[in-house]
Amino acid sequence: MKIEFRVITAAVIAAILISPIVAQAGSRSHPLSEDAALELLLRTLKRDRVYEKRISLDCISYGTEETTNAYFEFVLREIHNTKCGGDPETNPAIDRYRVYRRSSKIQHWEAAGDKWQPYSPRETK
């Protein structure tokens with residue numbers, strides 16, 4: 001009886017210690033889909049109020065510019081129509097982002113430096 005109790009206790013303790021490692025590995029084994037990556041980007045931009053003082057989110061369109069095994073690259077463009085204003089013949093790019101499939105990390109294109117930077121709300125405002 002005591003031996004069985006010790007074995008069961010050891011198994012429970014091992015399961016508790018190993019479960020966070022398995023859960024973390026499992027989350028990385030399922031890379032983001034394009035829709036999930038875009039949803040993550042939108043949630044992040046809304047949460048950080050990145051464009052709050054620049055443009056309404058209702059006046060931004062989102063497009064996929066590049067898809068690789070590692071990431072999705074999205075471009076945010078101004079919508080020009082009666083509601084948003086602007087020349088309807090144009091839709092200038094506002095920003096570009098990469099969302100990495102496995103890590104869910106976001107990078108922002110820094111046009112002035114011609115390079116990708118880790119996402120930071122301060123850098124994109």
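Mentor: Let's begin with Arg 98 and Glu 73, which form a salt bridge whose closest N and O atoms are 3.1 Å apart. Arg 98 lies in strand S3 and Glu 73 in strand S2 (residues 71-78), so this pair ties together parts that are 25 residues apart in sequence. A word on the source: this is a predicted model, where local features need pLDDT of at least 70 and side-chain atom pairs count only at pLDDT 80 or more, while totals for chains, interfaces and linings use all residues. Residues are numbered from 1 along each chain as its sequence is written, and side-chain values use heavy atoms, leaving out hydrogens and water.

Trainee: Which salt bridge does Asp 95 make?

Mentor: Its side chain meets that of Arg 54, at 3.6 Å from N to O. Arg 54 lies in the loop between helix H2 (34-48) and strand S1 (60-67) and Asp 95 in strand S3, so the two tie together parts that are 41 residues apart in sequence. Arg 54 has a relative accessibility of 47%, so it counts as partly exposed.

Trainee: How do you know that Tyr 97 and Tyr 119 form a tilted pair?

Mentor: Rings of Phe, Tyr and Trp (its six-membered ring) pair if their centres lie within 6.5 Å; planes under 30 degrees apart count as stacked, over 60 as edge-to-face and the rest as tilted. For Tyr 97 and Tyr 119, the centres are 6.3 Å apart and the planes make 55°, so the pair is tilted.

Trainee: Are Tyr 97 and Tyr 119 buried or exposed?

Mentor: Tyr 97 is buried, with a relative accessible area of 0%, and Tyr 119 is buried too, with 16%.

Trainee: How many aromatic pairs and salt bridges does the structure hold?

Mentor: The structure holds 4 aromatic pairs and 7 salt bridges.

Key
Buried < 20%, exposed > 50% of the residue type's maximum accessible area, 1.4 Å probe, protein only. Salt bridge = Lys/Arg side-chain N within 4 Å of Asp/Glu carboxyl O. Helix = DSSP H or I, 4+ residues; strand = E, 2+ residues; numbered from the N terminus.
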